Amino acid sequence: MQVNDKVAGQSVVVLQNSFYLWNVGKMADINLASLSPLVLLQPTIELLVIGTGQTFEPADLPQRAEIDAFFCEQGVGVEWSSTPAACATFNVLNTEDRLVAAALLTLEPSIPLSFSDVRTSRPGFDNELKT
């Protein structure tokens, strides 16, 4: 997965102008604890797009209802899809200046970024995702 000029070899959370490594390796690891800090963001996001890897199988996510309910209570919509589709959705909404975040499982783990590589990517510029 690529965020602007940085290649992330692991799962990431991407915001309009920054991205962070996300300590989630597979779909079964996606849970409320791994996502709930996103409600603390300011300005508040209006949509969270969750990319679940190469494919999306709703039956593989028993925790989906809990996550959806939590974010609904916070006024945040949640959209689940494959990571490639989530990247496309994020890019479109981000170019429209919508308050969107993407939590994305990596498709092919590789050498992880070092901590120094993970920061606000380009001040004044929006992030763009590529899978």
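## Overall architecture

The structure is a predicted model. Its chain contains three helices and eight strands. Read from the N terminus, the elements follow the order β-β-β-β-α-β-α-β-α-β-β. Of the 131 residues in the chain, 43% count as buried. The accessible surface amounts to about 6,800 Å², and carbon and sulfur atoms account for 55% of it. Among contacts between residues at least 6 apart in sequence, 78% join residues at least 24 apart.

Strand β5 is largely enclosed by the rest of the structure, because five of its five residues are buried. In a regular strand, side chains alternate between the two faces of the sheet. In β5 both faces are covered: Leu47, Val49 and Gly51 lie on one side, Leu48 and Ile50 lie on the other, and all of them are buried.

Which strands are joined to β5 by bridges? Strand β6 is joined to β5 by five bridges, and the two run parallel. Within this pairing, Leu47 has Gly77 of β6 as its bridge partner. Strand β7 is likewise joined to β5 by five bridges, again in parallel. Here Gly51 stands opposite Leu104 of β7.

## The nonpolar cores

The largest nonpolar core comprises 20 residues, and those with the most contacts inside it are Trp22, Ile30, Leu35, Leu48 and Ile67. Two or more residues of this core come from each of the elements α1 (32-35), β5, α2 and β7 (100-104). Ile30 illustrates how separate parts of the chain meet. Apart from its neighbours within four places in sequence, Ile30 is in contact with Trp22, Val24, Leu35, Ile50, Thr52, Gln63, Ile67, Trp80 and Leu105.

A second, separate core has 13 residues, including Val14, Leu47, Val49 and Leu104.

## Aromatic pairs

A pair of aromatic rings is described by the distance of the centres and the angle of the planes. The structure holds two such pairs. In one of them, the ring centres of Phe56 and Trp80 are 6.4 Å apart and the planes meet at 20°; this angle is under the 30 degrees required, so the pair is stacked. The pair links distant parts of the chain, since Phe56 lies in the loop between β5 (47-51) and α2 (64-73) and Trp80 lies in strand β6 (residues 77-81), 24 residues away. Phe56 is partly exposed, with a relative accessibility of 21%, while Trp80 is buried, with 7%.

Phe70 and Phe71 form an edge-to-face pair, with 5.2 Å from centre to centre and 90° between the planes. Phe71 has a relative accessible area of 0% and is therefore buried.

Ser82 is placed in the loop between β6 and α3 (83-95). At 16% relative accessibility, Ser82 counts as buried. Leaving aside neighbours within four places in sequence, Ser82 is in contact with Gly51, Thr52, Gly53, Gln54, Thr55 and Phe56.

Glu57 is found in the loop between β5 and α2. Its relative accessible area is 41%, so Glu57 is partly exposed. The C-alpha atom of Glu57 is separated by 9.5 Å from that of Met27, and the two residues are 30 residues apart along the chain.

## Salt bridges

Side chains of opposite charge can pair when their charged atoms come close. How many salt bridges does the structure contain? The count comes to three, and they are set out below.

| Residues | N to O distance |
|---|---|
| Asp29 and Lys26 | 3.3 Å |
| Glu46 and Arg98 | 2.4 Å |
| Arg64 and Asp68 | 3.5 Å |

Arg64 and Asp68 are separated by about one helical turn, because they are four residues apart in helix α2. Arg64 is partly exposed, with a relative accessible area of 26%, and Asp68 is partly exposed at 26% as well. Asp29, the partner of Lys26, counts as partly exposed at 28% relative accessibility.

Terms used: Residues are numbered from 1 along each chain as its sequence is written. This is a predicted model: local features need pLDDT of at least 70, side-chain atom pairs count only at pLDDT 80 or more; totals for chains, interfaces and linings use all residues. Side-chain values use heavy atoms; hydrogens and water are left out. Rings of Phe, Tyr and Trp (its six-membered ring) pair if their centres lie within 6.5 Å; planes under 30 degrees apart count as stacked, over 60 as edge-to-face and the rest as tilted. Buried means under 20% relative accessible area, exposed over 50%, partly exposed in between (1.4 Å probe, protein chains only). Contact means heavy atoms within 4.5 Å. A nonpolar core is a set of buried Ala, Val, Leu, Ile, Met, Phe, Trp, Tyr and Cys residues joined through side-chain atoms within 4.5 Å. Accessible areas come from the Shrake-Rupley method with a 1.4 Å probe; for residues, only the protein chains shown count as cover. Two strands pair if DSSP finds at least two bridges between them. A salt bridge is a side-chain nitrogen of Lys or Arg within 4 Å of a carboxyl oxygen of Asp or Glu.
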